[in-house]
Amino acid sequence: MSVDIQTTTQQGVRIAVEGCGHGTLNAIYAATEKSAKERGWDGVDLLIIGGDFQAVRNAADLNAMSVPKKYRELGDFHEYYSSVRKAPYLTIFVAGNHEAASHLWELYYGGWVCPNIYYMGAANVLRLGPLRIAGMSGIWKGYNYRKAHHERLPFNDDDVKSFYHVREIDVRKLLQLQTQVDIGISHDWPRAIEKHGNTKHLWNMKPDFERESADGSLGNQAAEYVMDRLRPPYWFSAHLHCKYSAIKTYGLPKETTSEGGETTKLEDTAAAQPKEQQPVPAPANPDEIDLDMEDEPAPAPQQPAAPAAASNPDEIDLDDDEAAPTATSQPAPTSAAPAAVTEEEDPTEALRSLLPASFSNPNPQSSYNAQPHIGNSNSNKPKPGQPVPPTITNTTVRFLSLDKCLPGRKFLQLTEIEPINPSPEELQRPLRLSYDPEWLSITLAFHPLLRSAVGQHCPSDPNAPIPVDLGEAGYKPLIEEARKWVDENITGEKLLVPEDFVQTAPPIDLVNRPETGNMTDEMPVEYTNPHTAEFCRLLGVENYWDASEEEREGRRAQGPRPMAERAKSLAA
């Protein structure tokens, strides 16, 4: 099939951003098409969906999605998964707290959930034309932050919920980035971002948010770390079902004197904070942010997400379906050292020895003797991700959160975004996703660490320790060595994300088996996703998300992890 290539010297990428998906792809694409036509565009280069995408392939997937039974619906994603429809625009999304966990488990590093729709994975950085896009999935639950990804099918009820809780090990990777990105995406808001917008307007929309903002419980603490490190010009979120904008600015570099008397410049580690209850100046429309982000019309979806009812069915209680632990919960302990590291060994060298032999350096140039960075109560401990390296230069982040796709809601925004560092290359449409070399290097360097924290080798015990944090200085030489290997072995077309979608779970067949409907007692089955397998082959590493059919059958026969273990973990 021939593809019409359009070349332009302009660097602007046409982006559509949507809030929470909630399984309403048909309506989202219809609204995007209408809004693009009103702008005189023939389409968009990319659609970003901010989570709660609900990539439900069949009725069994609903049993691994955190939604009360009475509200479970197939949505319309299964039409795209089974090729009844094809996504008209390249689409990417991060995971929220209402997802088909059984599907997304297969794609920890990211991958295609169907043709032309790409899940960003637990954490990722991708390129689209001249843009670098960083994404992180999940919502903040502090009691699970320092735990491994212990969830494996068959899930118990706790696993279904904890699956979507953001993990420190994934955030740790994002905080190793040394260069500028253009767009950041998270499902829930970075903590305290509301203080950089028109809070009076927000309290009027969502009165409960004022109390949560005051006590610091509004937003995602990890997303705040990542935003303050990466400082992308744009950050998009969803989750809170309203449209809200903010502009967060950071201080200019300040001089500091080292112990040796040498003067250097470091970025301020904290953003400039607005005065209490004094919101930053906002445009005439408090929902608007600058740079051509006008409201897009919100046409009625062709298939409403919820049936009409007198009790406002648009606001069913999905986000409160998880009670916080009633007992004091301590983060999972951090091991004194990774597996295979003894007390006498340098952890950096031990980790280096676990990296693939294909890029090992027989004559390492680094003389680093990094020590493990273990969390403590030291008040002088810097905020994670700080100080910001001088190669990250942007000082203004424009934040926008959008609603879910329902009639009359502000759920869609179209804008044209130019890269902060323009490329001399011409823009060729249609744009294709490509891997980011720096992120590939971080992923490769971290792979030995992840062995005990994800996939088949991860202990099922939620309290199993996570790998020790070596700190930025400890990871730097490992990432530099990995970058050399990436630059030598993954270049040119190898950097393009392969369009290799393959169905794993069988799609629902509503034509020949209409009795399956929305409900079944069947539990989802664990599969090895070919895209994940190919990604691991690209990096020359073990696929931790692969397992034999015998091992999987044994897990299914054994059943879910007993719920009683959670009570023990809360009392620990």
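Glu534 and Arg537 form a salt bridge, with the closest N and O atoms 3.0 Å apart. A salt bridge here is a side-chain nitrogen of Lys or Arg within 4 Å of a carboxyl oxygen of Asp or Glu. The structure is a predicted model, in which local features need pLDDT of at least 70, side-chain atom pairs count only at pLDDT 80 or more, and totals for chains, interfaces and linings use all residues. Residues are numbered from 1 along each chain as its sequence is written, and side-chain values use heavy atoms, with hydrogens and water left out.

Helices (H or I, at least four residues) and strands (E, at least two) are DSSP runs, numbered from the N terminus. Glu534 is partly exposed, at 32% relative accessible area. Arg537 counts as exposed, at 55%. The cut-offs are under 20% relative accessible area for buried and over 50% for exposed, with partly exposed in between (1.4 Å probe, protein chains only).

The structure holds 31 salt bridges. Another of them joins Glu38 to Lys34 at 2.7 Å, N to O. These two residues are four apart in helix α1, so about one helical turn separates them. Lys34 is partly exposed, at 37% relative accessibility.

Glu224 meets Lys383 in a salt bridge, with the closest N and O atoms 3.5 Å apart. Glu224 lies in helix α9 (residues 221-230) and Lys383 in the loop between α10 (347-354) and β14 (396-401), so the pair ties together parts 159 residues apart in sequence. Glu224 is buried at 9% relative accessibility, whereas Lys383 is partly exposed at 26%. Salt bridges with shared partners join Arg191, Glu224, Asp228, Lys248 and Lys383 into one network.

An open sheet of six strands runs in the order β5-β6-β4-β3-β2-β15, with mixed pairing. Two strands pair if DSSP finds at least two bridges between them. The edge strands, β5 (111-114) and β15 (412-417), each pair on one side only. Neighbouring strands of this sheet are turned by 30° against each other on average, direction ignored. Within the sheet, β2 (residues 13-18) and β3 (residues 46-49) run parallel and are joined by four bridges. Val17 has Ile48 in β3 as its bridge partner.

Helix α1 (residues 25-39) lies across β2, β3, β4 (91-93), β6 (117-119) and β15, at about 50° to β15. Contact means heavy atoms within 4.5 Å. Axes are lines fitted to C-alpha atoms, for helices over the stretch in contact, and angles run from 0 to 180 degrees between N-to-C directions.

Strand β8 (residues 131-136) is mostly covered, with six of its six residues buried. Leu131, Ile133 and Gly135 point one way, Arg132, Ala134 and Met136 the other. Six bridges join β8 to the antiparallel strand β7 (residues 123-128), and Leu126 has Ile133 as its bridge partner in β8. Two residues lie between the strands of this hairpin, where Gly129 takes a positive phi near 60°. Four bridges join β8 to the parallel strand β9 (residues 183-186). There, Met136 is partnered by Ser186.

The aromatic pairs number 21. Rings of Phe, Tyr and Trp (its six-membered ring) pair if their centres lie within 6.5 Å; planes under 30 degrees apart count as stacked, over 60 as edge-to-face and the rest as tilted. Tyr29 and Tyr80 form a tilted pair, 5.8 Å centre to centre with 50° between the planes. The pair links helix α1 to helix α2 (residues 77-81) across 51 residues.

Most residues other than glycine have a negative phi, and most peptide bonds are trans. His22, in the loop between β2 and α1, has a positive phi of about 50°. His22 is buried, at 14% relative accessible area. Asn116, in the loop between β5 and β6, has a positive phi of about 75°. Asn116 is partly exposed at 22%. A cis peptide bond joins Leu153 and Pro154, with omega about 0°. The bond from Arg429 to Pro430 is also cis, with omega near 0°.
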